[in-house]
Amino acid sequence: MRRLLATAALTLGMMTGPAFAEWEPSGPINLWIGFGAGGGTDTQARLLIDELEALKGWRIIPDNKAGGGGTVMAAQLKDAPADGQTIGFAINTTFDFATLNSENLSLDDFTPITMTAGSQVAVLARTATGWKTLDDMVAAAKGGEKIVWANWGDQVEAGAEVIARHFDIEVNHLRAKGGRGALNALVAEDANVGWGGGVQRGLVEAGELVILASGEDAPLVQAPDGKTLKDYGIDNSFAYQFMLAGPKGMSDEARDAIAEAIAEVLSNPDSKTREFVSKQYPPGPVLVSGDELKERLEGNLDANRKLMEDVAAK
C-alpha cells in the first residue's frame, strides 16, 4: 500500500522494443470502469479514452460496472476474452484486497497492465462540525456524539475500525458507492466522518469539508502541516493507485502496447488526463507496469491479509 511514484519519461524509457508497434486491436476495446459515473475513476478513465483514441486511432468503448469496490467489474473481467480488447479500470485494492478470502476472485485471475495515478486519501469531516483534527473527532465521540463513518469499500471500512479501536471509541459504518458516494454522504449529513481519495479537493477548497488526517504515508497536498495516521500511532497506510488490468492469459505484447500508449499520454505536458491527475491526485502520474506491477500487488495482498487478521483478532 505504499505510494509508488515514477515519472512518465522513465516509464517510457523502460518500455522499448518492437512489440509495441506489432500489437493492434482487431476491433473496439471495451474499457470496463469499476466505479460509478462522476467519480475520480470514471472521470480519469473517460479523459484517458479520448486521448488514447486520438493518439492511437483505437476505438474504445467505456462501460461503468460499479459495485463492490470494483469487484462487480472484476468478476466479469476474469471471464472475458484475453485478447487485449476487454480491459478493466479500477484501483489496486480491487485486485489485492477484495480478492482476499474470495471464492470467486483471485489476483491470479488477472493480467495487471499499468498504474496511472495515486491517491490523496484523507479522513474528512464537514467544516460545520468545528473539528479540525482527528483529536477533535475523538473528543466528540468520547463526549457522547454518535460517529457515522462513510466508507467506499471493505479495506477502508477495516481502516476506520482500526482507528476506532486505537482511540477506544465506537463508530457506525455507512457503506457508500465509491469515493463520490462517501463525499455525498458527508455533504448530506448522513455521515459525519468519511474517507476521501482525492476527489474531495473542490469541497475542501470551498471550505465545506475539512481534512482531519492523512491516510497516506505523508501529509496531503491540501493539508501540508496536518498529521498522518502514523503520527497518531496507527501503523497503516490506506493509499491506493488507479490501475488497468486484463483477464488472465493476456499476451505480453497486448499488455505492454496498452501500457506504453497510456504512458505516452501521461508523459505529454498538454494531456488533459495528466492535468486532471496532477490536480486531483498530486504530484502527478504513477506509472508501474507489467511484471513489476504484479509483484507490487502480491506484496500488497500480504499486507492486506495481515490488516484483516489484526482486525479479526480483536
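Predicted model: local features only at pLDDT ≥ 70, side-chain atom pairs only at ≥ 80, totals over all residues.
**View 1. Five strands form an open sheet in the order S2-S1-S3-S10-S4.** The pairing in this sheet is mixed. Strand S2 (60-64) and strand S4 (110-117) are the edge strands, and each pairs on one side only. On average, neighbouring strands are turned by 25° against each other, direction ignored. Strands of a sheet pair through backbone hydrogen bonds, and the pairing may be parallel or antiparallel.

**View 2. Strands S1 and S2 run parallel.** Strand S1 (residues 29-33) is joined to S2 by five bridges. Ile 29 has Ile 60 in S2 as its bridge partner.

**View 3. Helix H12 lies across S4 and S10.** This helix consists of residues 290-313 and runs at about 90° to S4.

**View 4. Lys 65 sits in the loop between S2 and helix H4 (71-77).** Is Lys 65 buried or exposed? Lys 65 counts as buried because its relative accessibility is 15%, and the cut-off for buried is under 20%. The side chain of Lys 65 makes a polar contact of 3.1 Å with the side chain of Gln 76. Leaving aside neighbours within four places in sequence, the residues in contact with Lys 65 are Trp 32, Ile 33, Gly 34, Val 72, Met 73 and Gln 76.

Methods:
Residues numbered from 1 in each chain as written. Heavy atoms only, no water. Pairing = 2+ DSSP bridges. Helix = DSSP H or I, 4+ residues; strand = E, 2+ residues; numbered from the N terminus. Axes fitted to C-alpha atoms, helices over the stretch in contact; angles between N-to-C directions. Contact = heavy atoms within 4.5 Å. Buried < 20%, exposed > 50% of the residue type's maximum accessible area, 1.4 Å probe, protein only. Polar contact = N/O pair within 3.5 Å; in protein donor to acceptor, adjacent residues only side chain to side chain.
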